[in-house]
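Work through the exercises below with the sequence and coordinates at hand. Each task is followed by a solution in steps.

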Amino acid sequence: MVDQVTITSVPPFLRDDDSYKDPLCNWNFSKLVKVGLSCRELGYRTYEVAEDSKVMYKPFLNAYLAAAYLKWLSNFDQKERSEEFMVRAYKGGTKKATHKSTLLYWKKYLSVKESLPSRKAFGVGPAANAPSYSVTAVSQRKGPINATWDSRTSPEDMEEMWKNPEVNKEWTHSGEKRGKVRFSHDVEKHPYLSRVELRAVAEIIMDKHFKKGYKPTVLCALCEMVSMRFLNGVGQHSGLMGIDYPTARWLYKDLGYKGYTVQSVEDLTKPFISMYFGAAYMTWLSQYKGRERTLEFVVQAYLSGPQNVSIQETSSLWDKFEEAMNRYEEPQVESGSCTIM
């Protein structure tokens with residue numbers, strides 16, 4: 001698997017025992033600083049971390065670091081973790097996630113959670129043209145509702161998008177204006193790309209940076225499986241292509257994929273940046289361990305990790321991939337609209 005920059009399996013901040021506790025996260029100051037520095041290393045830089053108690057105990061910074069730490073716990077050791085593991089590890093560290101000492105904390109958490117008002121939406125279903133939902137995709141990341149293509153894309157790439165005949169037709173039909181092109185949204189206000197938009201992004205990336213790489217439809221099919229075309233990603237996966245920040249930085253710094261700069265997790269919610277590093281990762285997988293690999297291996301390695309590939313056991317992934325790719329290789333019959341999928 002990619003040699004990722006991650007927090008150590010037993011983070012040093014879990015071993016501190018300073019007396020003063022932060023009122024929101026219940027962390028001592030030393031732990032709070034170390035959590036902050038570790039989160040910054042992982043790309044969480046919305047709030048600046050400083051060894052200054054006046055700064056570190058600000059409510060928004062506290063809540064941000066707590067959320068970032070929970071995000072890390074949710075995929076500890078590259079395994080998707082349960083809510084119980086996350087909560088108990090948050091209290092006592094990863095080694096005590098199943099220890100009796102954190103059981104009471106978990107029970108108290110459940111009690112508080114059950115007392116909160118329900119957030120279910122009544123009588124609201126997914127829009128007919130929205131991306132299809134999957135039982136395995138339990139959450140979509142919600143970005144700013146007023147996010148626009150222009151705020152997530154360079155002027156040069158936007159110009160290439162406008163030059164694409166199908167995109168131009170779709171955007172013009174839906175009344176989009178240069179400088180203010182909107183993303184489509186599902187009923188819960190999650191932004192996503194239409195298939196026309198997604199294919200255009202993939203074609204531009206492959207033509208400019210990977211002329212000898214895979215067909216753009218391969219990237220589109222992977223995107224369907226990883227994020228269902230949701231701009232900000234699904235579940236634990238960041239952005240359209242599900243590439244996380246440590247992997248993107250590794251591709252950028254160590255392997256020399258510098259067509260786009262990635263400085264934070266937020267950069268991976270930009271369509272062209274996510275697509276670029278997804279293509280770069282596929283390129284690396286195509287020569288995994290110095291051997292030329294088949295497309296089936298690359299697809300399964302992308303979705304499950306190269307060490308987990310088993311052609312016999314994961315054929316269902318390949319079947320789903322082929323089905324997704326067929327949607328892009330068949331003639332387009334959809335009329336132009338930014339909400340048509």
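The exercises concern a predicted model and cover a helix, the nonpolar cores, the cysteines and the salt bridges.

**Exercise 1. Determine which residues of helix 8 are buried and which are exposed, and relate this to the helix axis.**

Solution. 
- Step 1. Helix 8 spans residues 165-173, and within it V167, E170 and W171 are buried.
- Step 2. These three cover an arc of only 95° around the axis, which puts them on the same side of helix 8.
- Step 3. In general, an α-helix has 3.6 residues a turn, so residues three or four places apart point the same way.
- Step 4. P165, K169 and H173 are exposed and lie on the other side of helix 8.
- Step 5. The packing partners of the buried residues are helix 6 (149-152), helix 7 (155-163) and helix 9 (195-209).

**Exercise 2. Identify the residues that touch the most other members of the largest nonpolar core, and find which helix supplies the largest share.**

Solution. 
- Step 1. The core holds 61 residues; W149, M161, I205, M241, F277 and Y302 touch the most other members.
- Step 2. Helices that each supply at least two residues of this core include helix 7, helix 8, helix 10 (216-227) and helix 14 (315-329).
- Step 3. Helix 12 gives the largest share, 10 residues.
- Step 4. Take M241 and set aside its neighbours within four places in sequence: the contacts are then L219, L222, C223, V226, S274, M275, G278 and Y302.
- Step 5. A separate second core has 10 residues, among them A66, Y69, W72 and F85.

**Exercise 3. Decide how many disulfides the structure has, and examine C220 and C223.**

Solution. 
- Step 1. A search of the whole structure returns zero disulfides.
- Step 2. For C220, the nearest cysteine sulfur is that of C223, 7.2 Å away.
- Step 3. A disulfide requires the two sulfur atoms to be within 2.5 Å, and C220 is in no disulfide.
- Step 4. The nearest cysteine sulfur to C223 is in turn that of C220, and C223 is in no disulfide either.
- Step 5. C220 counts as buried because its relative accessibility is 0%; C223 is also buried, with a relative accessible area of 0%.

**Exercise 4. Count the salt bridges, then characterise the pairs D157 with K208, E224 with R195, and D267 with K270.**

Solution. 
- Step 1. The count comes to 12 salt bridges.
- Step 2. D157 and K208 meet at 3.3 Å, N to O. This pair links distant parts of the chain, D157 being in helix 7 and K208 in helix 9, 51 residues apart.
- Step 3. D157 is buried, at 2% relative accessible area, whereas K208 is partly exposed at 43%.
- Step 4. E224 and R195 meet at 2.8 Å, N to O. E224 lies in helix 10 and R195 in helix 9, so the pair ties together parts 29 residues apart in sequence. Both residues, E224 and R195, are buried.
- Step 5. D267 and K270 meet at 3.3 Å, N to O. D267 counts as buried at 10% relative accessibility, while K270 is partly exposed at 26%.
- Step 6. Through shared partners, salt bridges join R195, E224, R229, E323 and R327 into one network.

Key:
Residues numbered from 1 in each chain as written. Predicted model: local features only at pLDDT ≥ 70, side-chain atom pairs only at ≥ 80, totals over all residues. Heavy atoms only, no water. Buried < 20%, exposed > 50% of the residue type's maximum accessible area, 1.4 Å probe, protein only. Helix = DSSP H or I, 4+ residues; strand = E, 2+ residues; numbered from the N terminus. Arc of directions from axis to C-beta. Contact = heavy atoms within 4.5 Å. Core = buried A, V, L, I, M, F, W, Y, C linked by side-chain atoms within 4.5 Å. Salt bridge = Lys/Arg side-chain N within 4 Å of Asp/Glu carboxyl O.
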